[in-house]
Amino acid sequence: MNRMLRAAVPPRRAFRTGGHTVLSVAVLYLLAMPIAIWIRQDGLGAGTHQTNSFSSEIELALWLLATLVGLVALAAIQRVSLQASPGHTIGYANITTAHRTRRFAPGEVVGMSLHRAKDGRLRLTSTLELRLSPAPHRRWNTATIFDGETSGDGSAEPLATIMRLVVQARPDVAIDANLRALLAVTRYGATRDR
């Protein structure tokens, strides 16, 4: 199965994901903001003598928006870089690394598993978990990389490129059932299970 993935790696080498999630949350909040302000001004304030000015309500709502967008950006933004200089190197930075870049070679990966968003767990995106062989130069042995699409099945970038790089570097890598099904779809044209 893994021998079938030895296709050429696409030329794209840098990925930044999570921006659509942040934008979606901001737009949804802005759509709900007038309703929330109206409820606070008229609905919940009925019968009390304390009323806030409309400008203070807008200011509070905008501060809450900034806080919410900041928290979502912290959790959703991810950077992935693929360096093809002497030997391939995969670098990534996301919430699991406190946004510090970690680097490893695709040949260091001993196992891959795909956790799909559509499997019913509380996930917005699919994640690719890479188990690395122990090395003295690092204290971590697992890399978790997020899918570039919200509620995707794991076939979007950067996961597809990383899977190809790993299989090219190490054809005997252990893969789980979700990943095996995804690879069968891309290689053999099988139908996706929904």
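This is a predicted model: local features need pLDDT of at least 70, side-chain atom pairs count only at pLDDT 80 or more; totals for chains, interfaces and linings use all residues.
Side chains of opposite charge can pair when their charged atoms come close. In this structure, the count of salt bridges comes to two. One of them joins the side chains of Arg 138 and Glu 108, with 2.4 Å from N to O. This pair links distant parts of the chain, the two residues being 30 residues apart. Arg 138 sits in the loop between β6 (125-132) and β7 (142-150), while Glu 108 belongs to the loop between β4 (102-104) and β5 (109-115). Arg 138 has a relative accessibility of 9%, so this residue counts as buried. Glu 108 is buried too, because its relative accessible area of 16% falls under 20%.

A salt bridge is also found between the side chains of Arg 170 and Asp 172, where the N to O distance is 3.6 Å. Here the setting can be read from the accessibility of each partner. Arg 170, at 25% relative accessibility, counts as partly exposed. Asp 172 reaches 59% and therefore counts as exposed.

Turning from charged to nonpolar side chains, a patch on the surface is formed by Leu 23, Val 27, Leu 28 and Leu 31. Together these residues have about 410 Å² of accessible area. With a relative accessible area of 58%, Leu 28 is over the 50% cut-off and so is exposed.

Key:
Residues are numbered from 1 along each chain as its sequence is written. Side-chain values use heavy atoms; hydrogens and water are left out. A salt bridge is a side-chain nitrogen of Lys or Arg within 4 Å of a carboxyl oxygen of Asp or Glu. Helices (H or I, at least four residues) and strands (E, at least two) are DSSP runs, numbered from the N terminus. Buried means under 20% relative accessible area, exposed over 50%, partly exposed in between (1.4 Å probe, protein chains only). Patches are made of residues with over 30% relative accessible area and no salt bridge: like charges are joined within 9 Å, nonpolar side chains (Val, Leu, Ile, Met, Phe, Trp, Tyr) within 5 Å. Accessible areas come from the Shrake-Rupley method with a 1.4 Å probe; for residues, only the protein chains shown count as cover.
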